[in-house]
Amino acid sequence: MAMLGVMVAYIMRACLSVAITQMVAPVNHSHLVLNNDSEICPASDFSPVKSNNAHVGQFDWSEETQGIILSAFYYGYIITHVPGGLLAQKFGGKHTLGLGILTTAIFTLLTPLAAKQGAVVLSLVRFLEGLGEGVTFPALCTMLAQWAPPHERSTLSTAAFTGVQIGTVLANLLGGIILQYVPSGWEAVFYIFGTASVIWYLLWCVLCYNDPNSHPFISEEEKLYLKETIGQTERNKDLGPMPWKAILTSIPLWALVIGEVGHDWGLYTMVTDLPKYMSDVMRYNPAENGLMSSLPYLATWISSLVTSAFADWILKKKYMSSTAVRKTFATFGAIGPAIGVIGASYVGCNRSMATFLFTVGMAFMGFCYCSLRVNALDLSPNFSGTIMAFVNGAGCVSGMLTPYFTGLLTPNRNIKEWRTVFWIMAIMLVSTNFVFLFFGSGDLQEWNEPNKQNDLSTSSDEKSKSKSDTKGLPQKTC
């Protein structure tokens with residue numbers, strides 16, 4: 001259910017990136033093709049560029065305006081991360097996550113009406129969607145801390161987080177089919193996906209619980225296993241005051257933040273703008289675009305499952321430390337996508353090769369899900385919701401900037417302009433990974449249990465006081 005929740009969240013996040021290719025009037029490349037401009041690709045050989053519905057090109061929005069609309073989601077998304085983490089720690093992740101996705105679903109259903117009111121109203125609705133979805137990962141991490149034993153953490157966390165790839169695959173694949181064949185066109189994309197998300201919420205309320213102790217149907221055997229491996233079956237509600245100073249001065253945490261910003265720059269560039277590249281540059285029709293844009297995320301999904309199981313196996317066998325595993329896999333997850341997108345930008349109009357390189361490059365991004373994505377749980381299971389909020393919230397800056405900068409850098413929508421976009425993405429991925437490589441950690445941090453630290457400090461003070469009180473008194477001998 002967590003995986004399905006992340007899936008519908010990412011479907012609702014990504015569906016506008018798919019639909020906007022048909023909402024906006026298509027660019028006219030005919031004069032450039034006649035002039036034999038090598039940076040402009042001919043239309044797809046397989047089928048016409050236009051879809052079969054009459055709703056194409058209703059809005060005359062520039063690339064810059066489209067960038068602002070696409071980035072509006074992340075301005076709301078970043079605001080609710082830390083509040084979402086604090087709410088999940090206090091009240092549990094179930095309703096924090098569920099109500100957040102329900103809010104996003106309601107505004108997704110309202111998106112077609114908002115679009116017809118203009119770019120400003122649509123941007124506002126997307127901002128409100130972001131507010132709802134911002135609690136997703138902090139709340140999910142809080143729940144995973146109660147349900148995922150340490151040696152299964154990579155596998156179970158990745159299984160939940162793979163909703164990112166599945167959601168992006170379905171948003172592109174099903175969105176393309178809907179755009180191509182459903183008469184109501186782009187409007188149906190939001191109605192169908194929004195309704196599916198409401199159905200998920202109803203099931204989530206019935207089936208899922210905050211922790212093993214509150215689950216009415218869990219077996220005693222499983223509850224005992226979770227207690228032995230995690231140390232508790234009930235959410236720790238008495239952690240004491242939040243150790244903000246220790247958290248904000250933690251070098252491993254800041255290394256994770258910087259690594260996540262670079263990873264998200266690459267991820268959001270692809271999630272938000274790959275459908276536009278396939279439509280505007282490769283010039284696929286909506287159905288083809290949906291298929292070709294979904295292949296890279298399908299590869300990411302498969303590789304993330306395989307690599308997470310492999311990472312857990314390495315940790316269980318103690319072949320590598322947790323820190324070494326996280327850093328090694330994060331490095332593959334940065335360099336692979338960087339090489340893939342740069343290579344794709346230099347193969348010209350060879351659609352098959354470009355799609356292949358995008359797919360292989362994004363397959364390596366699956367390595368990040370058993371490294372960067374679970375590292376918050378390594379550092380502090382007790383405060384994982386707040387830590388994930390802090391880390392993922394910082395990564396949202398990438399989501400705010402990448403659509404806007406892409407729109408500014410690609411006014412003519414040709415390969416040369418997009419090559420600059422992909423070079424920036426590659427530099428961000430590799431440079432931020434170096435920071436995580438040198439300063440990151442996979443070890444539990446001392447500030448994970450502030451009450452225990454206070455108890456130890458108090459005990460030490462009492463011992464010192466006891467010694468000073470007895471100083472000068474005659475000592476008993478045996």
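**Questions on a predicted model**

Reader: Which residues does Phe137 touch, not counting residues up to four places away in sequence?

Author: Phe137 touches Val6, Tyr10, Arg13, Tyr77, Phe161, Val164, Met388 and Asn392. Each of these is called a contact because heavy atoms lie within 4.5 Å. The structure is a predicted model, in which local features need pLDDT of at least 70, side-chain atom pairs count only at pLDDT 80 or more, and totals for chains, interfaces and linings use all residues. Residues are numbered from 1 along each chain as its sequence is written, and side-chain values use heavy atoms, with hydrogens and water left out.

Reader: Why is Phe137 called buried?

Author: Buried means under 20% relative accessible area, exposed means over 50%, and partly exposed lies in between, with a 1.4 Å probe and protein chains only. Phe137 has a relative accessible area of 1%, so it is buried. Phe137 is placed in helix 8, residues 136-147.

Reader: What makes a stretch of residues a helix here, and how many helices does the protein have?

Author: Helices (H or I, at least four residues) and strands (E, at least two) are DSSP runs, numbered from the N terminus. On that basis the protein has 21 helices and zero strands.

Reader: Why does Thr21 count as buried?

Author: The relative accessible area of Thr21 is 15%, and therefore Thr21 is buried. Thr21 belongs to helix 1, residues 2-23. Beyond its neighbours within four places in sequence, Thr21 is in contact with Leu179, Pro275, Lys276, Ser279 and Asn289.

Reader: Which backbone oxygen does the side chain of Thr21 reach?

Author: The side chain of Thr21 reaches the backbone oxygen of Val18, at 2.7 Å.

Reader: Why is Asn172 described as buried, and which residues does Asn172 touch?

Author: Asn172 has a relative accessible area of 2%, so it is buried. Asn172 sits in helix 10, residues 163-181. Leaving out residues up to four places away in sequence, Asn172 touches Val18, Pro275, Gly290, Ser293, Ser294 and Tyr297.

Reader: What is the phi of Arg283, and what is the phi of Lys318?

Author: The phi of Arg283 is positive, near 60 degrees, in a residue other than glycine. Lys318, also not a glycine, has a positive phi of about 60 degrees. Most residues other than glycine have a negative phi.

Reader: Buried or exposed: how are Arg283 and Lys318 classed?

Author: Arg283 has 17% relative accessibility and therefore counts as buried. Lys318 has 70% relative accessibility and therefore counts as exposed. Arg283 lies in the loop between helix 14 (251-280) and helix 15 (286-317). Lys318 lies in the loop between helix 15 and helix 16 (322-345).

Reader: How many disulfides does a search of the whole structure find?

Author: A search of the whole structure finds zero disulfides, a disulfide being a pair of cysteine sulfur atoms within 2.5 Å. Cys141 has 0% relative accessibility, so it counts as buried. Cys396 has a relative accessible area of 0%, so it is buried.

Reader: What share of the residues of the protein counts as buried, and what area does the protein expose?

Author: Of the 478 residues, 57% count as buried. The protein exposes about 19,900 Å², with carbon and sulfur atoms supplying 66% of it; accessible areas come from the Shrake-Rupley method with a 1.4 Å probe, and for residues only the protein chains shown count as cover. Among contacts with a separation of 6 or more, residues 24 or more positions apart account for 85%.

Conventions. A polar contact is a pair of N or O atoms within 3.5 Å; within protein, one must be able to donate a hydrogen and the other to accept it, and residues adjacent in sequence count only if both atoms are side-chain atoms.
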